Amino acid sequence: MESLFNGYTSRRSAVRTGPGPWDEMFPAAPDGEVRGPYRDLYPALAGMDDNELRARTDALASSYLAQGVTFDFAGEERPFPLDVVPRVVAADDWLYVESGVKQRVRALEAFLADVYGPQLAVQDGVIPASLISSSSHFHRQAAGIVGANGVRIHVAGIDVIRDEAGAWRVLEDNVRVPSGVSYVLANRRVMAQTLPELFTSLRVRPVVDYPGRLLQALRAAAPEGVDHPNVVVLTPGVHNSAYYEHTLLARMMGVELVEGRDLFCSGGRVWMHTTAGPTRVDVIYRRVDDEYLDPQHFRPDSVLGAPGLMLASRLGTVTIANAVGNGVADDKLVYTYVPALIRYYLGEDPIIPNVDTWRLEEPAALEEVLDRLDELVVKPVDGSGGKGLVVGPDASRATLEELRRTLLADPRGWIAQPVVQLSTIPTLVEDGFRPRHVDLRPFAVNDGDDVWVLPGGLTRVALPEGQLVVNSSQGGGSKDTWVLDPSLFTGPTTLAGAPDPASDEVSLATGAIAVVAPPREDPHPPFLSSPQDEDVEARHHQQQQQQQQQQQGGASC
């Protein structure tokens, strides 16, 4: 096992100049000293030889391929890469991250309520009015629409990193259509099946609670007077890169998975076609971007949503989660104001700081960045999935010259940040364990009374050597994220925190799902419209739009 780490130190120092990245497992070199959270894991790994580890890795990939846990990369469908070395987070470290994520979500909730309401932060000079009005994801159609429990961010994915000093920082916010939680659930399931001994004697907090928490939050957001809300998951369809996630969450919550053609609006309400007749829909957990949701208010050629959804939402007869218009909070220029927004709305200092960022719409900042393009990372403010990002030290001269022209033409559309050496974790590659950069996306669920953070989240890993972009759309993979909890059972176990094989984690591993929505009342509408059948051209049009949707940032992780 020791030979697998041969050369690990040299690879850590040879990739880039300047301060080296914080390594999650080893303080300096793999000389026997291991950071606290990994001290129980390291001996378990040390008992496996190279052939065994690679056989386990192949088993992980085969399991994902068989289950359809795949993603599209360069036009090829591949099993989502899962590395055998998990990321381990100490209990006190997680408490810090969890607190920071909760604070962030509360502040962004207040910001969205203000932006689509009185805009007091604009009046008080905390954030410029021009920033809001110029954001591509600020939708005036959403102004004045407030859910029954006041929640707009039902699900959030807040991306955090460790910098060179090991300090946590927020990299970006995702409160529009955050994706990736299915990989958290799937990673734990296959790790439990393929590497059960790695859980022995470790006290890992389970992730199986997520579907129940999400369903609880969606039901809590139902319109007033609805005792047994009917929740559905709205997907763009099978061509979407996150379709596996949509199907998994619908199945685990025990709710219907629907496409736009399955819904119609009548009498100010939303209805779903079923074999038993039309059924009322109360809450839509949508995985369709705003622009495709309602052709009466956004793209008139879209068939991914349904006409009338926005009217029903405004009338308060249906709740759309996450709320339409949340994307303004994902704007990376708004990101630079979030620390000030936390102070303004919550009266607190930010728990987790931002990465230092230049606002290029400010002339002095633009001038400095143009002088240092080859040193900085430049990002489009409305980008996601790593698309459009330019890492200055890795870019060609031609790329930098083109970027310079772009920034001068549209400074509002970009931000710049220093190159942060994301922390590294040993990752099994062709020549053994080598350092690879990672980030972490904790997922938060807001039911109106509490913001609950899934213990662990999605650790994404950049698989190419030296690569800083971790997104799966750019060739990245993932690791199972283990949050340690000293209060959990510590005896011999099959899975961490589970004293017998019938634990919740094992149930998840074997696919046993037992979440079923209660019976609904009054399922039939007072009158029905008769939607025309889709013809062949319409179906072809839908496929084209689904393929377009696959390219949208909301579906990328």
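A charge is taken to sit over a ring if NZ of Lys or CZ of Arg is within 6 Å of the ring centre and within 35 degrees of the ring normal. By that criterion, Arg359 lies over the face of Tyr337, at 3.7 Å from the ring centre. A further case is Arg35, whose charged end sits over the ring of Trp22, 3.8 Å from its centre.

Colleagues, a word on the basis of these values. The model is predicted, so local features need pLDDT of at least 70 and side-chain atom pairs count only at pLDDT 80 or more, while totals for chains, interfaces and linings use all residues. Residues are numbered from 1 along each chain as its sequence is written, and side-chain values use heavy atoms, with hydrogens and water left out.

I turn to the overall architecture. The protein chain holds 16 helices and 22 strands; these are DSSP runs numbered from the N terminus, helices being H or I with at least four residues and strands E with at least two. Of its 557 residues, 55% count as buried, where buried means under 20% relative accessible area, exposed over 50%, and partly exposed in between, with a 1.4 Å probe and protein chains only. Among contacts in the protein chain with a separation of 6 or more, 72% come from residues 24 or more positions apart; contact means heavy atoms within 4.5 Å.

Next, the aromatic pairs. How many does a search of the whole structure find? The search finds 3. Rings of Phe, Tyr and Trp (its six-membered ring) pair if their centres lie within 6.5 Å; planes under 30 degrees apart count as stacked, over 60 as edge-to-face and the rest as tilted. One of the pairs, Tyr116 with Phe138, is stacked, at 5.1 Å centre to centre and 20° between the planes. Tyr116 lies in the loop between α4 (91-115) and α5 (120-123), and Phe138 in the loop between α6 (129-133) and β4 (155-162), 22 residues apart. Tyr116 is buried at a relative accessible area of 5%, and Phe138 is buried at 12%.

Tyr210 and Trp452 form a tilted pair, 6.4 Å centre to centre with 40° between the planes. This pair joins helix α8 (residues 210-220), which holds Tyr210, to strand β20 (residues 451-453), which holds Trp452, across 242 residues. Tyr210 is buried at 0% relative accessibility, and Trp452 is buried at 11%.

Now to helix packing. The axes of α13 (residues 363-371) and α14 (residues 397-409) come within 11 Å and cross at roughly 175°. Axes are lines fitted to C-alpha atoms, for helices over the stretch in contact, and angles run from 0 to 180 degrees between N-to-C directions. The two helices α13 and α14 are therefore roughly antiparallel, a label for angles over 145 degrees, with under 35 roughly parallel, 65 to 115 roughly perpendicular and the rest oblique. At their contact, Leu366, Val369 and Leu370 of α13 meet Arg404, Leu407 and Leu408 of α14.

Finally, two backbone details. The peptide bond from Ala321 to Asn322 is cis, with omega near -10°, and Asn322 is found in the loop between β12 (319-321) and α11 (332-335). Gln119, although not a glycine, has a positive phi of about 55°. Gln119 is placed in the loop between α4 and α5 and counts as partly exposed at 26% relative accessibility.
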